[in-house]
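Here is a short briefing to read alongside the coordinates.

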Amino acid sequence: MLKNEEEKIRTAALRALGNLGNGADVPLLARSAAAGSDWEKAAARQSLIRLRGDGVNAAIVAALAKGKPDERIALLAALGARHAVETAPTVLQYAEDSHAAVRLAAIGALRFLAGENHAAAVVKILKAAKDDKEQTAVESALLAICGRGREACADQLVAGLENVDPPARIVLLHALGRAGGAKAMEAVVGRLKDQDETVCDEAVRTLSLWPDRAAVPHLLTLAKEAEKSQHHVLSVRGLVRLASAQKDRAADLGTLSAAMSCAKRPEEKRLVLGVLGGIAAPEALALVVSALDDP
């Protein structure tokens, strides 16, 4: 049926292979995913993902070595969609392929396949990124890896901060924010005085979005000493966010009081008052009353 004159029949046959086929059908599906009509390509790609059997992932890896660039792109996407984590070392090799689209496909697959033990290799790929598109793809992969590995990724990210250009440092700051933990925060704080202004700005933004209250002392220092208005605003807003009540913790009235004292613009003061209004405590009421005389 794959040789039928009717496109709809060929497409249906390709779909059927996803349920009926096995590892031996991988090369055929790879060729169909790279050539033919859009409907046929889509059906072949979906079937590569749906194939079942112990040897399918190994067959996809074997086909990668022999496939043309368009076939490799489809095969790499299939590995990612199949969550074939055991193939991550192979996919990492194709993230350095000479063909740009193949590199992008491999980096995209690493979002689903790479673990914290691959973070250093992905940082290496970041340093070698050829353009903004590749760098954006690597950032997505790193964020996904750090979302899974958390603090286990910190050492590899911190090591990567040395000897990289500002755009790559910014990507690593984002990843450190996702990883969290003391080592990651220390590295972000260290970039508050980075020689590049854009990196410094991003370090402030990352700290203002930190996931836990360990960042409060650093944000307080920023709120009191920041020379740039943007840094001051971000630090105060970060303090308010971290001091607000969460499901697992009560509001921090001491930090809210400090944020109110540091706030310069009405916008940030109103932000603090909005949080205080939801806290049933005399101390919160006292802070609200103290703002009644503010014009």
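The sulfur of Cys153 has its closest cysteine sulfur in Cys146, 4.2 Å away, and that is too far for a bond. The model is a predicted one, and searching the whole of it turns up 0 disulfides.

**Cysteines**

- A disulfide needs two cysteine sulfur atoms within 2.5 Å, so the 4.2 Å between the sulfurs of Cys153 and Cys146 rules out a bond there.
- Cys153 is buried, and its relative accessible area is 0%.
- For Cys262, the closest cysteine sulfur belongs to Cys200 and lies 18 Å away, again too far for a bond.
- Cys262 is also buried, with a relative accessible area of 12%.

**Helices α2 and α3**

- Two packed helices can be described by the angle between their axes and the distance between those axes.
- Helix α2 (residues 26-34) packs with helix α3 (residues 38-50) at about 145°, and their axes are 7 Å apart.
- The crossing of this pair is left-handed.
- On the α2 side, Val26, Leu29, Ala30, Ser32, Ala33 and Ala34 make the contact, while α3 supplies Glu40, Lys41, Ala44, Arg45, Ser47 and Leu48.

**Helix α4**

- Which residues of helix α4 (residues 56-66) are buried? They are Val56, Asn57, Ala59, Ile60, Ala63 and Leu64.
- Viewed down the axis of α4, these buried residues fall within an arc of 155°, so they line one face of the helix.
- That buried set packs against α2, α3, α5 and α6.
- Ala65 and Lys66 are exposed, on the other side of α4.

**Positive phi angles**

- As background, most residues other than glycine have a negative phi.
- His83 has a positive phi, near 55°, although this residue is not glycine.
- His83 sits in the loop between α5 (69-81) and α6 (88-94), and it is partly exposed at a relative accessible area of 48%.
- Arg150, another residue other than glycine, has a positive phi near 50°.
- The loop between α9 (132-149) and α10 (154-160) holds Arg150, which is partly exposed with 43% relative accessibility.

- Leu207 belongs to helix α13 (residues 197-208) and is buried, at 0% relative accessibility.
- What does Leu207 touch, not counting residues up to four places away in sequence? The list is Met185, Val188, Val189, Leu192, Ala215, His218, Leu219 and Leu222.
- Once neighbours within four places in sequence are set aside, Ala226 is in contact with Thr221, His231 and His232.
- Ala226 and Val26 are 58 Å apart, C-alpha to C-alpha, and 200 residues apart in sequence.

Methods
Residues are numbered from 1 along each chain as its sequence is written. This is a predicted model: local features need pLDDT of at least 70, side-chain atom pairs count only at pLDDT 80 or more; totals for chains, interfaces and linings use all residues. Side-chain values use heavy atoms; hydrogens and water are left out. Axes are lines fitted to C-alpha atoms, for helices over the stretch in contact, and angles run from 0 to 180 degrees between N-to-C directions. Helices (H or I, at least four residues) and strands (E, at least two) are DSSP runs, numbered from the N terminus. A crossing is left-handed if the near helix is turned anticlockwise from the far one by less than a right angle, and right-handed if clockwise. Contact means heavy atoms within 4.5 Å. Buried means under 20% relative accessible area, exposed over 50%, partly exposed in between (1.4 Å probe, protein chains only). The arc is that of the directions from the helix axis to the C-beta atoms.
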